[in-house]
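Let's take a walk through a protein and look at its aromatic rings. Have the model open as you read.

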Amino acid sequence: METTHFKKIACVSLALLLLMMGVGCKKMSPVEEKETDTTAARDDAESQSVFSGIWKQVAEVGENFKILNGSCTKVTITPLDTITWPKTVVIDFGSVNCLGFDGVYRRGIITAKFSGRYRKAGTVIESTLTNFYHNNNLVQGTQTITNNGLNSGGNITYTVVVNNASVTTTKGVMTWSTQQTREWIMGATTPYNTLDDVYLINGTTNGVGLNGNSYNIMITLPLRVETNCRWIVSGVLALKSAKNLPLLLNYGEGTCDNSATATINGKTHLITLY
């Protein structure tokens, strides 16, 4: 009887000791953690979405220079004529959230200075932000767009440069810079319908994510941006970060959704974009 009682006490004590030592609860190794960390990819996707959204708002006015005032958006163009350049376009979303056609809430002001028409080769458009929020995240930075004219395929291309931009969220601050080429592949023949515009993006990006992890990106399959969707709908990019293993981020085959896949060290993970 005493021997059995002693064995029970010994077994319980051993179990408690193993729990205290962490035996039985597998902890990820540093390599495993690196194989599953997709934070930098999600942070970059958010920054990319923000500045693609700013492009959309500027392009909507710039395609035809009509004052497209909405229920919560006021647009002013100075000077308001068809012959004088440069022009300054102020898009004011107000001080409370304004829901856009792409499902994004915006508030604050975008100011865009056009050296010429949106479709004219050589035109430079510089956009700055004043108290501008994208889905309640404060956005700061300058976006410069240059019209390169027609490429060999007959499509207008633009160079886009963003330097030292930041997106401030409740979880911290992301910084973001990029140099891209955008090809206008659909919608150029319908200037009064901006909802059918589609662009392909190539280029490079670097930034620092919410966790302080710096990264750089090369687009390996052009990213497809549609003006009526808040997310990138397709394309692949290669991301290298200071703290994690390289990954390939795939936005899918063209569906407007917030899903993407990240492949790290041969393992693929489904991720949800912000």
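How many aromatic pairs does a search of the whole structure find? It finds seven, where rings of Phe, Tyr and Trp (its six-membered ring) pair if their centres lie within 6.5 Å. Keep in mind that this is a predicted model, where local features need pLDDT of at least 70, side-chain atom pairs count only at pLDDT 80 or more, and totals for chains, interfaces and linings use all residues. Residues are numbered from 1 along each chain as its sequence is written, and side-chain values use heavy atoms, leaving out hydrogens and water.

Start with F51 and W176: their ring centres are 5.4 Å apart and their planes sit at 15 degrees, so this pair is stacked (planes under 30 degrees apart count as stacked, over 60 as edge-to-face and the rest as tilted). F51 is in helix 3 (residues 39–62) and W176 in strand 8 (residues 172–186), so the pair ties together parts 125 residues apart in sequence. Helices (H or I, at least four residues) and strands (E, at least two) are DSSP runs, numbered from the N terminus. Both F51 and W176 are buried, meaning under 20% relative accessible area, with exposed over 50% and partly exposed in between (1.4 Å probe, protein chains only).

Now hop along strand 8 to W184, which pairs with Y199 in strand 9 (residues 198–208), so parts 15 residues apart in sequence are tied together.
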